[in-house]
Amino acid sequence: MADFRQLALEFVLADDEANQTSLAQQAASELQSAPANTNPVARWVEAVQPWMPGSNGDEATGDNETPDWTGRAKVKLLISFFGAMFDVDHKAGVLASATALSRITEMKSFQPTSADDIIQKICTLKDDFPRQLAKTRLAVFELLRSLITNPAVASDLQYKHGASSGFMNDLLALCRNERDPTCLMVWFDVLAFFLQEYEPSQEMIEEVFNTFKAYFPITLPRTSTSGITPEELKQQLRKCFTSTHKLASFTFPFLLGKLDQGEGVTVNVKVDILKTVKACAEAYKIPEQTVNPYVDSIWSSLKYEVRNGEIEDTIWATLEVLKIMAVRLKGDNLRDYALTVTRDCVNDLANAVYTAPAGRLLVSVLSATPSAFVLMASPAITHVKENLRHPKGPGHSGDLLRILHVMLETRLLLVSTDMGPQERSEFAAIDPVFTSLYDDVYKKPLEQAIKSEASYDDHKLAAQAVQGAGALVCQKAAKSTAVADVDASRLLPGDKCLAICDTLFSILEQTRINEDLRRTTASDELASETTKALQRSVTSYNPAYVPLVRRGLDIIRSARKTESSQSVSTAQSLGLLLAYVGCSELPAVPSQGLDNFILITKAMYLELIASIEEKSTLDSEWVSSIAQRYTGLEEPHAQPTTATAAASPGQVRTDFLLISLYFVRQLYQRATKPSGTRLGLSGEFGAMEEGTSSQLLHLLGGLAGFVVHELSEAEQLSLGASSFAMHLFHEDAVPVPQAGAQVEPSEWSWIATSRLNVLTFGILEALRPAAVAQLYDAGVAQAILIQSVTSNVSSANPTTAFVLRAILTILANKHKLETVEPVMEIINQQAEVILSGEADNSTLTKATSMFAIAAGMLRRYSGKHASGLLRLLRESSKSSALGQSLSRRLEMVVAPQKTLTKNNFAIVKPLWMQKLYFELAKSMTPQALGQDSSVQDRVIRLNLSIGTLMLVEHMPFSIYEEDAEGILRIAIFVAQTIGTGPDVVAALNVLRNILVEASAKGEPHLASIIAICTAAFSSKPHVTPEWLPASYASASVDDVESQAESCEAALEIMGGLPKMFESRHLVPSAPKVERELTLACGNPVRNVRKLARAARAAWKELR
């Protein structure tokens, strides 16, 4: 076994190269032949480690410098040693040697002349190089890059090999078959640097080109884990093509040949080719010699990519190539190129199919430089105008107008670029071509769009024309870009700009303000584009703003005089439009923007004041006023008045409401009669059968509510509509308290507790919150609330009691009751009394009233101000005497109510239900499940369960989804315990919602679900637990309606189970279920029979 340490020492001390080679061969032979268990590689590394850079024996240098630990002779010996490893050890030694040599090349003592020797040693790998691991090859490539890109090394290699660059021939042969992406990134870098910084012969350039062109187009294997993106690899290869202009004679023919292969070229490859052509045309020096010779062939090849192209990526890449060609060419070469493009494209402008592609080709070239624009703009515009005179159709005209618009935008950008005097003079020479565009091109389609009979195609064409007209107003004169006077630098004269802006405003008046116009997508597009064009035009030419504002105000005033229903929307639309046009962007002179703001703000303010002053407020003495104006109202047998004092549609509507209210007043007075300071039913209504009179009272209250609902807030306040709810139009007999007066609660209980409360309710439901506030100012609302929660003021008539609760709900919702401290103090006190006192009928009545108040109040997020009320709701189910009744009444707090809708001006916050669930149901759920040690009584748990179900029954599943598992168990518990009735209806409804939204939660309880549903529609009597009070079961048996509802809910669930769960879960229960469903098909209720048949059919499909 050889001693590597001795061999390393002898190698370092050897004086001649032959001796060093012999020692290296001995070491390599030992590495190959030594047994694996002797770890020959490890011993070799330990032996050479002391002689490696960075070992402890190195001479100390700066922290950031490579130690120069030995002389140049020693470095040369190390190079010879590690270089020999490439020749004698093609397995284990290549990576280590490449790494070591990379470190050596960074040493101060490294001589550039040694680089050639290293390259030659590397090349001795020959055919063994591709067999190395990718990691090893990468180390070699990085070593080569560090050498070849070193300026000193490059100078030495250029001196030794000259233009022939023989070392590169060897490297090309060595690395020709590389395929690893990471290695290729380095190899392409080497080739690009060589072509860019060295001076090889044309033959060598061609050899290198042939090497990297073989990789084009390059892709990345799908299985690659290199971390390199396909685009990075393409860009690295592209650097090779663009490295030197001497490649032009090879590059352009090669790339164009690839492009002309036809359908075999994919989109990605085609885009890669086009990007490479662009990069070469942009990078190559001396474009007269490198780019110009290939202009015709490039144009001939690429124009069809746009003319016949369908893929936007390819088209855009092609246009970029054509544009960069115009950028690189100068003088006569540019003129020839521009004339070629113009000649080939203008003929296509007459063909509707090729107009758009031809325009894109023209614009791509003429937008390159001001010189190209000067050469091409005039003939292009001439041909566009000629074809607009004889268009092939609306689409053809639209394409031509689009070309003109883009040319105007291009001119706007180019006119502001730096140009020499001669170039600017040539640019200004074509200004007359643009000054006539409005009269020659844009005026006709814009005026056509203003006409009321304008068609869909007219609007589409005008939508394109307004963009060009707006760009035309913004144009600057080429010779005047440096002029301080903004108006003097404008291309168009001021009167022409005013005419264009006025026409654009007329289009907006027709498409946005004219309510008679039938809206289409074309008209909407026209309105949108015109708004942007007008804003742009006014920003550029600010004097046009004042006439537009005046014209807009004339339209607003005209609409206001007619008092049409659209007058408000007209003012809003025009106000927003004028504000956007004049104030959304600062003009060239910033102070003009402020002037515009002051102008429009002051104008709209004055119009608003004038409108307010013109509005006639409703006279509080409206009865005598309307009777005087319409004399026939007070004479029952008089003929209808033929002439009225109404002068406008708005006044007609107001009079309509007042006349309707006049008759409501008459009917209210007919139905009621004074009795002291209170009202009662009139003799006529009192003599009627109670059912008939109640029905008439409800109809009368509904009529009053309809009329009051149509009054605006200002009209309700002006008429004092809130007082109607108090005196029911007997203003002489029932005085309304003045604001701040002391009111005895019992004085006003009659309007809420008597049969007349339905008349109060009809008005109260339609009042707006501001009008309800007047009831609080008078103290009447407080009196009703206090009386309802402190005394047994209920009615034996269930309808009257229901209306009372609705009145309490409205009063609590439409005013911030939490700010009325006396009332809230009493409510909180009564809540404590109810929870702590003895239970009786009066207690239940008070609690029911407080639940009604909570229904309105809690929809406004008032929880923190009603702690006592919330505690009552939470704890009421725990009452041993009233728990059953109060838990059912919790439904009042959440259930949808017509009076608590936005249409009836109720105040309902978006997240009120989520808040309520968190405050009530979430805390009640664990107690109902027995998870709270303080609540173990089964009856109380049942009451809590019923209360929880009553709350969540009307909530979306998303609110209680987090607790759905526990609520499902509660529903099963209630249904199993009671069997049928209103409580079970709630349980089944909640159960159905959970199964529909998250059926997986019901799978563990499927047997119980089937059992309780079967029991609900079964004819067999339900066996209640011994601990259940008789009141629960008796109430369920007596309620026939709720029994039918529970049957329907259970059958709906049973019919849905086969769709929700796999048959293996249901088949064991199928025989029993089918028997019960068959019996249910004979139920006396039609809908129950229908659902039973559907459920039976669903279960039969399981077999």
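Student: Which residues of helix α12 are buried?

Tutor: This is a predicted model, in which local features need pLDDT of at least 70 and side-chain atom pairs count only at pLDDT 80 or more, while totals for chains, interfaces and linings use all residues. Residues are numbered from 1 along each chain as its sequence is written, and side-chain values use heavy atoms, without hydrogens and water. Buried means under 20% relative accessible area, exposed over 50%, and partly exposed in between (1.4 Å probe, protein chains only). In α12 the buried residues are Leu233, Lys234, Gln236, Leu237, Arg238, Cys240 and Phe241.

Student: Against which helices do the buried residues of α12 pack?

Tutor: Helices (H or I, at least four residues) and strands (E, at least two) are DSSP runs, numbered from the N terminus. The buried residues of α12 pack against α10, α11 (202-213), α13 (248-259) and α14. Contact here means heavy atoms within 4.5 Å.

Student: Why does the length of α17 agree with its number of residues?

Tutor: The expected span of a helix is 1.5 Å times one less than its number of residues. Helix α17 (residues 312-328) has 17 residues and should therefore span 24 Å; its end C-alpha atoms are 25 Å apart, which agrees. Its buried residues include Leu322, Met325 and Ala326, and the buried residues of α17 pack against α14 (267-283), α15 (287-290), α16 (295-307), α18 (331-346) and α19 (355-366).

Student: Which residues touch the most other members of the largest nonpolar core?

Tutor: A nonpolar core is a set of buried Ala, Val, Leu, Ile, Met, Phe, Trp, Tyr and Cys residues joined through side-chain atoms within 4.5 Å. The largest has 184 residues, and Met168, Phe212, Tyr337, Phe434 and Tyr442 touch the most other members. Helix α10 (residues 181-197) gives the largest share of this core, eleven residues. Beyond its neighbours within four places in sequence, Tyr337 is in contact with Val295, Trp299, Leu322, Met325, Ala326, Leu329 and Val365.

Student: How many helices and strands does the protein chain have?

Tutor: The protein chain has 57 helices and two strands. Of its 1103 residues, 51% are buried. Among contacts with a separation of 6 or more, 75% join residues 24 or more positions apart.
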